[in-house]
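Please take a moment with the sequence and the model that follow, and keep both in view while reading.

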Amino acid sequence: MKSPMTRVTAGAAVLALAGSIAACSSDGGEADGVTTISFLSWTGEEQMEPIIEAFEEENPEVRIEASYSPPVAEYIQTLQTRVLSGTAPDVFVVAAENKTNLIDAGAVVDLSGEPFMEGIQQFNLDTYGRDGAEYGLSLSSWAAGYAYNKEMLADVGYDSIPETWDEFLVLLQDLQDAGHTPFLESVDQMPTTVSAMLGAKTSEMDPSLDDEIFAGESTFAEQWTPILEEYNRLYTEGLVSPDVVALDGDQVRDEFANERVAIINAGPWIINAVQEANPELQWEFGQVPGLPDGMPYQAGAAAPGYAISASSDEEKQEAAKTFLTFLASEQGVEMFHEATNDVTVTENFTPEVDPVFEPLVTPIRDGQLYLPMIAWQRDEDVLNVEAVAQVQRMIQGQIGPEDVAAALDAKLSS
């Protein structure tokens, strides 16, 4: 597992970022009428390279100089380092965890009114916008729930994920008693289970859970502690080993593909890899079970949006817009969907979703999605790092659920 990022305070980061904008410039010489633009991708090289090649074939006057950094923490840190050092990419991803800092610092170009922003779902435009401006081209929405091995569940008398958390824990115990590793969840990012449970809770609230916290009318301690107590039962009841903190998402996925675990937290990004590794695997996705007073739900949000650096010169910004135009085209959207299995939300293309993911498609299209980093109204990068670090400590038995929530309250107040 990669170590959590070391960060300056959010306020200092914004000031440093803002102070560096004028100095930022991208590399890449111009020759023979070709404009080279730099691109830092959140999506992996294997998925993105065919899209870039297709773009360059159709637009020989623009060359993409791509680099790659995996989400979430490593990408955010890599981008921040490049911006602060004056080597901001011409095109990069604006995500839940860094959008406030980038917008506040004036580091991203307002894309509202650009033709390629037409036909994008309003939910996605709003996610990476503010006060009528739109800073990110988000082409899809995603959800993460539980991927499960149908044969292993059938072995203990189940045909799907139960709807309630108590029933789910009984299922995990039954799987464990039958000799299966019941469940793994990567916790190098915000755990899917926690996000989904919070989403189910806030969907029943008005004002929302986060509105109350950030207005000072409630606290993380009040809103998060009961959910963290339920989540922690996975570890206190011996259903999942605390050693899970050493596993990243790819390792958890591979355990599932090789039929060494019955259920994992996952999203559509694992589909291609799992099917390539084990074409005969019988599996499907389900929602995260609900607490007694809640309902099944899923973690999710508008996908990170492509942004253009405000520090790039006019020629490079125009070339970047040509690139975004291709990404938003029917061909670009279709290629992206085929590479990632994301549920795209543009008017020009209707994705055919893999049958294993079909149970989560309706919630995605109905907007039944929640991700804390999207809902948090400020300091989302710092709060996210704190939350992940404290949840890992809780899993290892170093602190309790109430301590995780208290640490978030302390971080927000500071």
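Where in the chain is the place of proline 207? Proline 207 sits in the loop between helix H8 (192-202) and helix H9 (209-214), where helices (H or I, at least four residues) and strands (E, at least two) are DSSP runs numbered from the N terminus. The peptide bond that leads from aspartate 206 into proline 207 is cis, with omega near 0°. This is a predicted model, in which local features need pLDDT of at least 70 and side-chain atom pairs count only at pLDDT 80 or more, while totals for chains, interfaces and linings use all residues. Residues are numbered from 1 along each chain as its sequence is written, and side-chain values use heavy atoms, with hydrogens and water left out.

A cis peptide bond, with omega near 0°, also runs from proline 71 to valine 72, and valine 72 is placed in the loop between strand S2 (62-68) and helix H3 (73-84). Aspartate 131 belongs to the loop between strand S4 (129-130) and strand S5 (133-134), and with a relative accessibility of 77% it counts as exposed (buried means under 20% relative accessible area, exposed over 50%, partly exposed in between, with a 1.4 Å probe and protein chains only). Glutamate 259, likewise not a glycine, has a positive phi of about 60°; this residue lies in the loop between helix H11 (249-257) and strand S8 (263-266) and is partly exposed at 35%.

Taken as a whole, the protein contains 18 helices and 12 strands. Its radius of gyration is 21 Å, close to the 22 Å that the globule rule gives for 414 residues, so the protein is as compact as a globular protein of that length; the radius is taken over C-alpha atoms, and the rule is 2.2 Å times the number of residues to the power 0.38. The C-alpha trace spans about 70 × 50 × 35 Å along its principal axes, and buried residues make up 55% of the 414.

Turning to charged pairs, the count comes to 12 salt bridges, each defined as a side-chain nitrogen of Lys or Arg within 4 Å of a carboxyl oxygen of Asp or Glu. In one of them, lysine 321 pairs with glutamate 114, the closest N and O atoms being 3.0 Å apart. Lysine 321 lies in helix H13 (residues 314-327) and glutamate 114 in the loop between helix H4 (99-104) and helix H5 (122-127), so the pair ties together parts that are 207 residues apart in sequence. Lysine 321 counts as buried at 16% relative accessibility, and glutamate 114 is buried at 18%.

Arginine 233 forms a salt bridge with glutamate 230, with 3.0 Å between the closest N and O atoms; these two residues are 3 apart in helix H10 (residues 220-236) and are therefore separated by about one helical turn. The side chain of arginine 233 also meets that of glutamate 237 in a salt bridge (2.7 Å, N to O). Through shared partners, salt bridges join Asp166, Glu230, Arg233 and Glu237 into one network.
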